[in-house]
Amino acid sequence: MLVVVGSVLRAPFPVLVLQILVAAAAIVFLLRELDLLSFPLLQNARLVPQFVTRIPLWGAVQFGVEMGTGMRTYSPTGLPHIMAVSIMFLASWEEALMAGAGFAAARALMLLTFAAARDRMEADTAFYFTLPKLKVLFAALAVPVVTMLVIG
């Protein structure tokens, strides 16, 4: 969906303008990760809705799209938003599909980690207290990825 919307939005602009836009957005989100800026993330922070079970196919499809785009769950980080902006303004269909697969794999890894934990409360507590300490590492790891996305 981001590629479709982005294809319309990016049509009138040269690639250099789009690269500058994505780089600026990435810098803003990275500064947020380092707690140098503070603003709420765009997200629809709700749990599993009732309509998923009431509308057998389309309820699940809508919920899956919202989960897959990260716009349905609480997000402790703005790093996926960098990817969303990059996909919207710079990615090809193939790159968007690879990003989606990577996002899905990361979501699955998180769920598998919780499922494999002997004590789910302990795992939840570990993530709650450890994740903020890893923010700088995740931001640092995002820099080369963002650089590759922007310079193509």
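**Where the labels come from**

Mentor: Let's start with Asp-35, which is found in the loop between α2 and α3 (51–54). Keep in mind that this is a predicted model, where local features need pLDDT of at least 70 and side-chain atom pairs count only at pLDDT 80 or more, while totals for chains, interfaces and linings use all residues. Residues are numbered from 1 along each chain as its sequence is written, and side-chain values use heavy atoms, with hydrogens and water left out.

Trainee: What makes Asp-35 count as exposed?

Mentor: Buried means under 20% relative accessible area, exposed over 50%, and partly exposed in between, with a 1.4 Å probe and protein chains only. Asp-35 has 58% relative accessibility, so it counts as exposed. Asp-35 also has a positive phi of about 60 degrees, although it is not a glycine.

Trainee: And why is Ala-123 called buried?

Mentor: Its relative accessible area is 13%, so Ala-123 is buried. Ala-123 is found in helix α7 (residues 120–151). A helix here is a DSSP run of H or I with at least four residues, a strand is a run of E with at least two, and both are numbered from the N terminus.

Trainee: What does Ala-123 touch, leaving out residues up to four places away in sequence?

Mentor: Phe-114 and Ala-117. Contact means heavy atoms within 4.5 Å.

Trainee: How many helices and strands does the protein have?

Mentor: There are 7 helices and 0 strands. Of its 152 residues, 28% count as buried.

**Helix pairs**

Trainee: How do you know which residues are nonpolar?

Mentor: Ala, Val, Leu, Ile, Met, Phe, Trp, Tyr, Cys and Pro count as nonpolar, Asp, Glu, Lys and Arg as charged, and the others, Gly among them, as polar.

Trainee: What about α2 and α5?

Mentor: Their axes come within 9 Å and cross at roughly 175 degrees. That makes α2 roughly antiparallel to α5. This contact has 12 nonpolar, 3 polar and 1 charged residues.

**A pocket**

Trainee: What makes something a pocket and not a cavity?

Mentor: On a 1 Å grid over the protein atoms alone, a cavity is a set of points where a 1.4 Å probe fits but cannot get out, while a pocket is an open set with protein on both sides within 12 Å along at least five of seven lines; lining residues have an atom within 4 Å of a point. The second largest pocket holds about 320 Å³ of space. Grid points are joined across faces, edges and corners, and the volume is the space filled by probe spheres set on the points.

Trainee: Which helix gives the largest share of that pocket's lining?

Mentor: α5, with 5 residues.

Terms used:
Axes are lines fitted to C-alpha atoms, for helices over the stretch in contact, and angles run from 0 to 180 degrees between N-to-C directions. Angles under 35 degrees count as roughly parallel, over 145 as roughly antiparallel, 65 to 115 as roughly perpendicular and the rest as oblique.
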